[in-house]
Amino acid sequence: MKGERLGEFEEFTLLAVRALGDHTYAVPIQQYVEKVTARRTSIGSIYAALARLEEKGFLRSAMSEAVAQRGGKARRVYTATPSGLQTARDLHRVRERIWNAIAEGGRS
């Protein structure tokens, strides 16, 4: 395990959970990541990223209530944790500082 750092795909997955709102599940997350990145994403890669994010404490999951349109089966839904949200904010700030330095044409 890489520890507390996020890979690019994990970051996309974490941000997708946040963008879609709490208690979202894997299929909408996959569709969202595919849409915003404009690249094919397998459901298996989403499940793997979700598992890694949960292991790192950036997401938590729970089983939803049974859903009639799925034949009564529950879904595993995901919510970003405060640690996950803080990590996403920190990454955003770092990227913003780097892009600002580039725009200013200098090193900071």
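Me: What makes up the protein chain in terms of helices and strands?
Reply: This predicted model has four helices and three strands in the protein chain. Read from the N terminus, the elements follow the order α-β-α-α-β-β-α.

Me: How much of the protein chain is buried, and what makes a residue count as buried?
Reply: A residue is buried if its relative accessible area is under 20%. Of the 108 residues in the protein chain, 31% are buried. The accessible surface comes to about 7200 Å², with 52% of it belonging to carbon and sulfur atoms.

Me: What is the largest nonpolar core made of?
Reply: The largest nonpolar core has 17 residues, and Leu14, Ile29, Ile46, Leu50 and Leu59 have the most contacts inside it. Helix H1 (8-20), helix H2 (26-37), helix H3 (43-55) and strand E3 (76-80) each give two or more residues to this core.

Me: Which residues does Ile46 touch, leaving out those up to four places away in sequence?
Reply: Ile46 touches Phe9, Thr13, Ala26, Ile29, Gln30, Val33 and Thr41. A contact here means heavy atoms within 4.5 Å.

Me: Why is E3 called largely enclosed?
Reply: Four of the five residues of E3 are buried, so the rest of the structure largely encloses this strand.

Me: How do you know that E3 pairs with E1 and with E2?
Reply: Pairing takes at least two bridges between the strands. Strand E1 (residues 24-25) has two bridges to E3, and E2 has five bridges to E3, so both pairs meet the criterion. E1 and E3 run antiparallel, and E2 and E3 also run antiparallel. Val77 in E3 stands opposite Tyr25 and opposite Ala62.

Me: Why is the pair Arg39 and Glu8 called a salt bridge?
Reply: The cut-off is a side-chain nitrogen of Lys or Arg within 4 Å of a carboxyl oxygen of Asp or Glu. The closest N and O atoms of Arg39 and Glu8 are 3.9 Å apart, so the pair qualifies. Arg39 has a relative accessible area of 36% and is partly exposed; Glu8, at 49%, is partly exposed.

Me: What makes Glu10 and Lys56 a salt bridge, and are these residues buried or exposed?
Reply: Their side chains meet at 3.0 Å, N to O, and the limit is 4 Å, so this is a salt bridge. The pair links helix H1, where Glu10 sits, to the loop between H3 and strand E2 (59-63), where Lys56 sits, 46 residues apart. Glu10 has a relative accessibility of 5% and counts as buried. Lys56, at 8%, counts as buried. Glu10, Arg52 and Lys56 are linked in a network of salt bridges.

Me: What does the salt bridge between Glu11 and Arg95 tie together?
Reply: The closest N and O atoms of Glu11 and Arg95 are 3.0 Å apart. Glu11 is in helix H1 and Arg95 in helix H4, so the pair ties together parts that are 84 residues apart in sequence. Glu11 is buried, at 11% relative accessible area, whereas Arg95 is partly exposed, at 40%. The structure holds six salt bridges, this pair being one of them.

Me: Why is Ile102 called exposed?
Reply: Exposed means over 50% relative accessible area, and Ile102 has 52%, so Ile102 is exposed. Ile102 is placed in helix H4 (residues 82-104). With Val94, Ile98 and Trp99, Ile102 forms a nonpolar patch on the surface, with about 430 Å² of accessible area together.

Me: What makes the phi of His23 and the phi of Ala38 worth noting?
Reply: Most residues other than glycine have a negative phi. His23 has a positive phi of about 70°, and Ala38 has a positive phi near 60°. His23 is in the loop between H1 and E1, and at 56% relative accessibility His23 counts as exposed. Ala38 is in the loop between H2 and H3, and at 68% Ala38 counts as exposed.

Key
Residues numbered from 1 in each chain as written. Predicted model: local features only at pLDDT ≥ 70, side-chain atom pairs only at ≥ 80, totals over all residues. Heavy atoms only, no water. Patch = residues over 30% accessible without salt bridge, like charges linked within 9 Å, V, L, I, M, F, W, Y side chains within 5 Å. Areas by Shrake-Rupley, 256 points an atom, 1.4 Å probe, with all protein chains shown as cover. Buried < 20%, exposed > 50% of the residue type's maximum accessible area, 1.4 Å probe, protein only. Core = buried A, V, L, I, M, F, W, Y, C linked by side-chain atoms within 4.5 Å.
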